[in-house]
Amino acid sequence: MHEHRVRVQISTGTIEGFARDGVHRWRAIPYARPPVGPLRLRAPHPAEPWSGVRHCHGFGNCAPQQRKYTLIGLGKYQPMGEDCLTLNVVAPEQPPAEQLPVLVFIHGGGYLLGSSATPIYDGAALARRGCVYVSVNYRLGALGCMDLSALSTREHPIDGNLFLRDLVLALQWVRDNIAVFGGDPANVTIFGESAGAHAVATLMAVPAAKGLFAQAISESPASGMVRSADVAADFAHRFVELLGAGASDGAAALLAARPTQLVRALDELIDRGMTDMPGAFAVGPSYGDEYLPRHPVDAMRDGAAHPVPLIVGTNAEEGRLFRRFLPLLPMTEQMIEIMLGDTDAEVRHRIISAYPGYPSAQACTQLGGDFAFGTAAWEIGEAHSRHAPTYMYRYDYAPRTLHWSGMGATHATELLAVFDIYRTGPGALLTLAGDWRSARRVSSDVQRRWLAFGRTGVPGDGWPVYTADDRAVRVFDRNPRVEYDPHAHRRLAWQGFSLA
C-alpha cells in the first residue's frame, strides 16, 4: 500500500500527516491547550504554537470515560486523558480547482463516551467524493458535559457548557486554518449523530457560534438533554456529594479528583437518576447563562437561532439498540409508567394510545425510541422550519442481517450509509445475504445528498422543505420516497409532554 508524508503550515506551526487511498490525513491536531491542572473545568484556550514539525500520523487521547467504550480495534483500546482537545482532517489527495465544502463531524455517545478515532468515523469516503472532512474531540462527562459552574469559587473558578466552548473553538480553528487543506472556511457544515446531533442543534442557539457554519445536519438528536441552570446546580451538588464533598469544598474536590473517580461518580449519579428522576439526565448543555441564553428549541421557535439550512431526522426503529445493549431508555412498562407517573391522565392516555399493543415489547420499544429521539426531531423540525429551510428524513434501510438480528434500522445505523461502511471492511459482511446492491444504492443516495447540502444548502432533488403545512419527510430505503406527516398520531401524542 503506497503511502507518503504530507506537510502543511497552520497557524500554530507545521504538521505532518500521510497520504493513502486517495486522501491526505492528519490526526490529533491540537486546537486547544490541554485542559489540565488549573485549566481543568475552565473555558478552552487556543493551542500554543510549536517549533519544528508536529507529527500527526496517529490518534491521541480520547476524553476520560469507561475503558470498555474506547475499543478501536481487535483488542486495541485508545488511550484516555484530559489532554484530548484535538481534531482530524481528511482531504482529497488531488488539489481541487476551487475550495471544497467542509464537513465537521461531532461524535455521539450520550455526552459520556465516544471518540473521533472510532473507525466508522474515518470520513475518507466523503472526502473522496469532494469535501474536506474534519472530526472533533471534545471534553465528555463531568469534565466537559456536566455544568458544575454552580460550585465555582473565586479560588477555584469553574466555567459552564465546556463542551460547547470546545466545539466553538474547534470551529474557529476550522475557520482560520481549513483553507490550507483545500477547504472553504465560508462553507462549513456541522453534522453529528445522537448526542453529536444534539450538540449540532444546540450550537445553532450559541451566540459565539454565529458565522462559524453555513449548514447543519442533526442525525437522531436526543431529547431531555438540556437543563436549566437550577437543575444543573442540583445535579452538581449531588455529584460532589458522591465525591465526599459539600458545596463549600466541592470545587476543590473536583480539581483534586482523578479522572477515573469522576467517571465512576457520574455513572453512579446517572444510575440513581434512573430511579429518582426518570428521563432527567445529568449531562448535556444548560441554558440561562451568556453562553447559551435560551433553550435551543425555544430559540429556534422564536427565530433567535442561527437561520442556517438544517437537515434533521431519525431512524425507523431507534429503540431496538437500547433494548438489546444499553438499557438507558424507558422501554419497559414499569419504567414508562414511572416516567408518565406525574403526567396529566389525558396526556398519558394519548401517548399510550398512540402505540397499539402496549405494553407489548414492540410497543414499549417504539414508545421509548420516540420519547428519546422522535420527539426531539419533531420539535426541532417544527421550530426551525418557521425561520429557515429545514429538511426532515426517516432512515428505514436495513440489510436482512440486521433484520434477522432483531435490530432493523435502529439507532446509529444511518452512519453505515453516511460513512460508506457497507462498501468497506467489516460492514460489507452485513450485506452477505444478497443486499450489497441495495446497501450501496442507499449509501450513495445519503452521501450524495449530504454533500449536495454541504455545497449548496439544498440536499438534491425530490426532497421538499419541511413545513407545518405538509410535513414532507424523505424516507431512505430500498424504495426511496417522500411521505407527508408520517406517524402523525405519534407526533401529536407527545405534544405538550414534558418531564420538567
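Reader: What should the 21 residues of helix α15 span?
Author: Helices (H or I, at least four residues) and strands (E, at least two) are DSSP runs, numbered from the N terminus. The expected span of a helix is 1.5 Å times one less than its number of residues. For α15 (residues 436-456) that gives 30 Å, and the end C-alpha atoms are 30 Å apart, which agrees. Just after α15, Gly457 has a positive phi of about 85 degrees.

Reader: Thanks! Before we go on, what kind of model is this?
Author: This is a predicted model, where local features need pLDDT of at least 70 and side-chain atom pairs count only at pLDDT 80 or more, while totals for chains, interfaces and linings use all residues. Residues are numbered from 1 along each chain as its sequence is written, and side-chain values use heavy atoms, with hydrogens and water left out.

Reader: How many aromatic pairs does a search of the whole structure find?
Author: Rings of Phe, Tyr and Trp (its six-membered ring) pair if their centres lie within 6.5 Å; planes under 30 degrees apart are stacked, over 60 edge-to-face, and the rest tilted. The search finds 23 such pairs. One of them is the tilted pair of Phe105 and Tyr121, 4.8 Å centre to centre with 50 degrees between the planes. Phe105 is in strand β8 (residues 100-106) and Tyr121 in the loop between β8 and α1 (124-128), 16 residues apart.

Reader: Which residues do ring pairs link into a cluster?
Author: Tyr391, Tyr393, Trp450, Phe453, Trp463 and Phe476.

Reader: And where does a charge sit over a ring?
Author: The test is that NZ of Lys or CZ of Arg is within 6 Å of the ring centre and within 35 degrees of the ring normal. The charged end of Arg54 sits over the ring of Trp50, 5.2 Å from its centre. Arg67 lies over the face of Tyr77, 3.8 Å from the ring centre.
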